[in-house]
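Dear colleague,

Here is the structure I said I would pass on. Please look it over before reading the notes below it.

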Amino acid sequence: MTEEKLSTFTAPKGTYDLLPPSSATFLAIREALAAPLRRAGYGYIETPVFEDLKLFSRGVGESTDIVTKEMFSLTKRGKEDLALRPEGTASVVRATLQANLHKLGNLPVKLWYSGSFYRYERPQAGRYRQFSQVGAEAIGAEDPALDAELIILADDSFRALGLRDYTLLINSLGDKQCRPVYRAALQEFLTGLDLDEDTRRRAEINPLRVLDDKREAVQAQLTDAPRLRDFLCEDCKVYDEQVRELLTAAGVAFTDDPKLVRGLDYYTRTTFEFVHNGLGAQSAIGGGGRYDGLSEMLGGPALPSVGWGLGVDRTYLAMEAEGIVLDLPGTTAVYAVALGEQAKNVLFAKVVELRRAGVATDLAFGVKGIKNAMKSADRSGARWALVAGDRDLADGVVQLKDMTTGEQTPVALDALVTTLKEKQQ
Ligand code: AMP
């Protein structure tokens, strides 16, 4: 009989495990990115991590890298084509249409989400195959104040985390009136350039995406490319101006980036990206824009909408780059150490009682001497240690040790919960 050698497993390429203590910071970042949304009337939505593949090919765009190269597709029983979600907007609009949220009350429908997304990208620092986003969508209203609201909320959440070294890039992609005129002009310009086969094909399907090419050799040829800004129709110009005025009035600084088109097909008018200056190549910490045509592309009614997705992993890296350490409250307030079997049972009961009373408490498990147990108490970051031996219990007390001063005082067992609750305040 051959025995298969047990191999050790590692997380798949392009993924990583979130582990304590940094996982606590990660959670706090998610929470901080979502906090301004909760205060602005956005309701929480959760959609499946996989969807009909066609939702993304139709919604995100057949010509995008996300759909052509990066989608994790799954085929079940040879007939059902599913894909792990590469982004959140298409799913949120699909769910809104399915549940008729747009018919239930006043528009816009304001929703926020938090979760993992999947793209089969070449992994590198800040670019993963599974990553985490907090996102927001405001569906069914065309109002420059709504675009401004979302941009301000994103900026507020980055600022609340202490981030400063980033730039907000802004552009307008026009609408179905003016964009085709620009598209044709750009296409004509691109025909005259020396481009590789792939880029040439992209220029035919979606010429705006060539502007997004990161290669220097391509960028160098684009210096004199026609600018969308010069082609915007009057309505788009006015809309764009209003968004900018509202941002300025709210004290949110931005920089014009006429080449900002972003990788998804569905954007119209306002488009924006938050770029951090300390992250190297993968510098976008968040981005979004208006997508007035997406609902119709998915078979729904016209629902002009705007939204964004902020990258939690990259926000974490950006904070690291700026040397920001969040002041997170310790998770354990009290750490109990029992000396002896009987003491262990009594202390265990007290620990349960303390937890039920809302005091975060941990306990030394396993047989370890007092020295090791006190080391664990230290490592837990607890403010207080509870130490009890059989003799203390016979006297009806436990020793309460202040871990910062080292001072130790006996406390009556009966008074323990109230004493610690008071001290915690
Ligand atoms: P996008 O839909 O590409 O604009 O993504 C929105 C945000 O999600 C970006 O600004 C990044 O912060 C983050 N993001 C996108 N793709 C990845 C990835 N592969 N790894 C880590 N973060 C990502």
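This is a predicted model: local features need pLDDT of at least 70, side-chain atom pairs count only at pLDDT 80 or more; totals for chains, interfaces and linings use all residues.

Residues are numbered from 1 along each chain as its sequence is written, and side-chain values use heavy atoms, with hydrogens and water left out.

Domains. The protein is divided into domain 1 (22-178 + 232-321), domain 2 (180-228) and domain 3 (334-424); the bounds come from an automatic or database domain assignment. The C-alpha centres of domain 1 and domain 2 are 24 Å apart. In contact (heavy atoms within 4.5 Å) are 18 residues of domain 1 and 14 residues of domain 2. Between domain 1 and domain 2 about 1,300 Å² is buried, with 54% from carbon and sulfur atoms; this is the accessible area (1.4 Å probe) that the two parts lose on being put together, summed over both.

Cysteines. The structure has zero disulfides (pairs of cysteine sulfur atoms within 2.5 Å). The sulfur of Cys233 has its closest cysteine sulfur in Cys236, at 3.6 Å, which is too far for a bond. Cys233 is buried (under 20% relative accessible area, with a 1.4 Å probe and protein chains only) at 11%, and Cys236 is buried at 1%.

Loop residue. Val60 sits in the loop between helix 2 (53-59) and helix 3 (65-68); helices are DSSP runs (H or I, at least four residues), numbered from the N terminus. Val60 is buried, at 0% relative accessible area. Its C-alpha atom is 7.0 Å from that of Ala90, 30 residues away along the chain.

Regards

Methods. Helices (H or I, at least four residues) and strands (E, at least two) are DSSP runs, numbered from the N terminus. Buried means under 20% relative accessible area, exposed over 50%, partly exposed in between (1.4 Å probe, protein chains only).
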